[in-house]
Amino acid sequence: MTEFAFKIDLNVLNHLGLGLYSSTPAVLTEIIANAYDAEATEVTISIDKSQHIITIADNGHGMSEDDLQGKFLNVGYARRNFSDFTLTGMRRVMGRKGIGKLAMFSLADIVDISTRQKEKEALGVSVNVPELKSTINDHQEYKLKPITPSHKLNGAHGTVIRLSELNKSIISTTESNLKLRLSRRFSIIGNSGDLPFEIYINEDKVTIADRGFHDDVQFFWSFGGDEADDNLKLCKNLAVDKDTKVQRIMVLDPSVQYDCGLALRGYIASVTKPKQLKEKDTNINQISVFANGRVFQEDVLPILSNSDHFNSYLVGEIHADFLDQDEVDRATASREAIKQNDPKFMGLLGHLRTQMQKVASAWDDWRKALGYENLPDKNPFVEEWLNTLTDKRDRKSAEKLIMSVYNNQFSSNQDQNDEYKKDLYRSTVIGFEKLKAKKQLARLDTISSVTSPEFQAIFHSLDDMEETYYWDITNNRLHIIEKFKDIVDKKELEKVAQEYLFEHLWLLDPTWDRIKGSEHLELTLTDELKKAKPDADSGARIDIAYRNSAGRQIIIELKKPGITPDFYKLLKQAKKYKDAVKQFLIDHPDTFHASVDAIDICLLLEKDVAMDEDQKDMLQSANARIVTYKGLIENAFRVYQEYLNAHQKASKIEQLVQKI
């Protein structure tokens, strides 16, 4: 048997490196492309994970001794220097650089090559990759070891490549992942022309359906061609216009303006949710460029659009055979990308950007026009709320609001995005119901009877919303009370209590719900006191003064913990405050607009003061009351907890909001 040897230009090999290809799909792509150029109609990939072996067999023409030595083992041999077409002229050649055969040496330590031409003897050689690298480093010729050809070639022609002693990370690649990746790297699979081409992985045929996104496609834009038509047939869940019932498909311009002779084929599609393109074994949120049936650049989407939100919905393939049908080699060394400064490629990108503007505009319009009833992933509780809207005009307005939430992307993290949308759905429901209630209030003028269904409906809606809001307020207030209960440092008690009371006056009295007007801390009323009581010996300093929504003036005196004041001193102080504030209100009628008798005085102590009935009456006549820190907390907690206990079932709207 003839002794075979690699003939390698060491400068070229050292420049490229044997690790040029980093992924299993990329390596298999090169081997499959060689089989295609050998006019194979079938390529079978067998994966033996237990033995760490991948075997690739094709039924192509196979190689003679001269072909094996002069072409396959000759790194840098460029077949296109002789012809752009395969042996019979039935296919345009995929290979160009002559370095794709190096790909297999990046996966395995042992590479066995068996090949046979029709009516000739089979040939078999083996490459020990570590020894090959060592020989190259020594600038020596590497002699391939003869082996018995694979039994797969018994009575058949073709080539069998057996990769063994694989990298563990390589063999861990799943079959489904390989099917997906290879189906997206070749558009010629399943070709039913004069010379069909099929790929099998462990006897399972690879088809374009393995690309894994067709069931999720919502909208489709076509540049025409068999590739677009074949993929469109697999998209069974396309959205339809709710009025015309026509599927959402748009035809794009396939003519590249760079040159009147350049034309595209292919498609761009969008899915319902971005995560549908990322839930596979690999991310398929890509628009790939193909030339002559194989991927030329895996993803040009980031180059075409700067909208992360819009981009995250897209998938597609652009067939631009003109990029690989002239004498210019536009591929990078790894054949996985295109040289970015090539004029034809730049012309292609310019045209695609123009078409992407049409895609983006249509996508936005179509999403808005979908209508909630046509969404494939409706929130069931939002839908339950929509079904409560019996007025068609109300429902139409509500759906418009819901769709504005649905169509927005708030985070690149899908889980976070879903949570943001749920929060917005809740706010939208409550906000809409509030607006709806206001609209119904305007109809009161047209209702003559309070027993009419229309009148009852209005107040049912208002009561329901009030219940919803107060339920939320009560929950929040209970949280604040719990935090207030945690204050244990008596030295800080007065200061913290003052801060909390200033912001949350309802802690003293739950009826003081909404406080409006001017707030004053440590307001000194010396002049007012002297005017009201000329014989007064000191000014009146009010620690907190608040004006509530009922027009009352609230004065709070905070006594330091550890001090037990005398009752009559407290009473005197309360009367002094009352007189001073009363005079202040008389002197400033335009500032507070409050009644001079609308004054409440609260004396906040650590410990209660023992009082008889007469003393209680005296304190009441001064519009004053004594509250302890502990009593303040317990009373506020009791009032709000009683409300919750009495309303275990929230209102209808609240229940829906909580479900969302």
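Residues 24 or more positions apart account for 70% of the contacts in the protein chain with a separation of 6 or more, where a contact means heavy atoms within 4.5 Å. This is a predicted model, in which local features need pLDDT of at least 70 and side-chain atom pairs count only at pLDDT 80 or more, while totals for chains, interfaces and linings use all residues. Residues are numbered from 1 along each chain as its sequence is written, and side-chain values use heavy atoms, with hydrogens and water left out.

**The chain as a whole**

- The protein chain has 21 helices and 19 strands; helices (H or I, at least four residues) and strands (E, at least two) are DSSP runs, numbered from the N terminus.
- Of its 660 residues, 49% count as buried, and the scale runs from buried (under 20% relative accessible area) through partly exposed (in between) to exposed (over 50%), with a 1.4 Å probe and protein chains only.

**An open sheet of 8 strands**

- The strands of this open sheet follow the order E5-E4-E3-E6-E2-E1-E7-E8, with mixed pairing; two strands pair if DSSP finds at least two bridges between them.
- Strand E5 (145-146) and E8 are the edge strands, each pairing on one side only.
- Helix H4 (residues 129-137) packs on the sheet and touches strand E3 (108-116) and strand E4 (123-128).
- The direction of H4 makes about 70° with that of E4; axes are lines fitted to C-alpha atoms, for helices over the stretch in contact, and angles run from 0 to 180 degrees between N-to-C directions.
- Strand E7 (residues 198-201) pairs with E8 in the antiparallel sense over 3 bridges, and Ile199 has Val206 in E8 as its bridge partner.

**A look at Tyr200**

- Tyr200 is found in strand E7.
- Tyr200 and Thr44 are 156 residues apart in sequence, yet their C-alpha atoms are 4.7 Å apart in space.
- Leaving out residues up to four places away in sequence, Tyr200 touches Glu42, Val43, Thr44, Ile45 and Lys205.

**Other strand pairs**

- Strand E18 (residues 599-605) and E19 pair in the parallel sense over 5 bridges, with Leu603 opposite Ile626 in E19.
- Strand E19 (residues 624-628) is largely enclosed by the rest of the structure, because 4 of its 5 residues are buried.
- Strand E12 (residues 287-291) and strand E13 (residues 294-297) pair in the antiparallel sense over 3 bridges, and Val289 has Gln297 in E13 as its bridge partner.
- E12 and E13 form a hairpin with 2 residues between them, and Asn292 in the turn has a positive phi of about 55°.

**Positive phi in two loops**

- Most residues other than glycine have a negative phi.
- Glu119, in the loop between E3 and E4, has a positive phi of about 65° although it is not a glycine; Glu119 counts as exposed at 77% relative accessibility.
- Asn202 lies in the loop between E7 and E8, with a positive phi near 50°; Asn202 counts as partly exposed at 27% relative accessibility.

**The second largest pocket**

- A pocket here is an open set of points on a 1 Å grid over the protein atoms alone where a 1.4 Å probe fits, with protein on both sides within 12 Å along at least five of seven lines.
- The second largest pocket holds about 630 Å³ of space, a volume being the space filled by probe spheres set on the points, which are joined across faces, edges and corners.
- Its lining has 29 residues, of which Ser187, Ile188, Ile189, Asn191 and Glu227 lie nearest its centre; lining residues have an atom within 4 Å of a point.
- Strand E8 (204-206) and helix H7 (226-234) each supply at least two lining residues, and H7 gives the most, with 4 residues.
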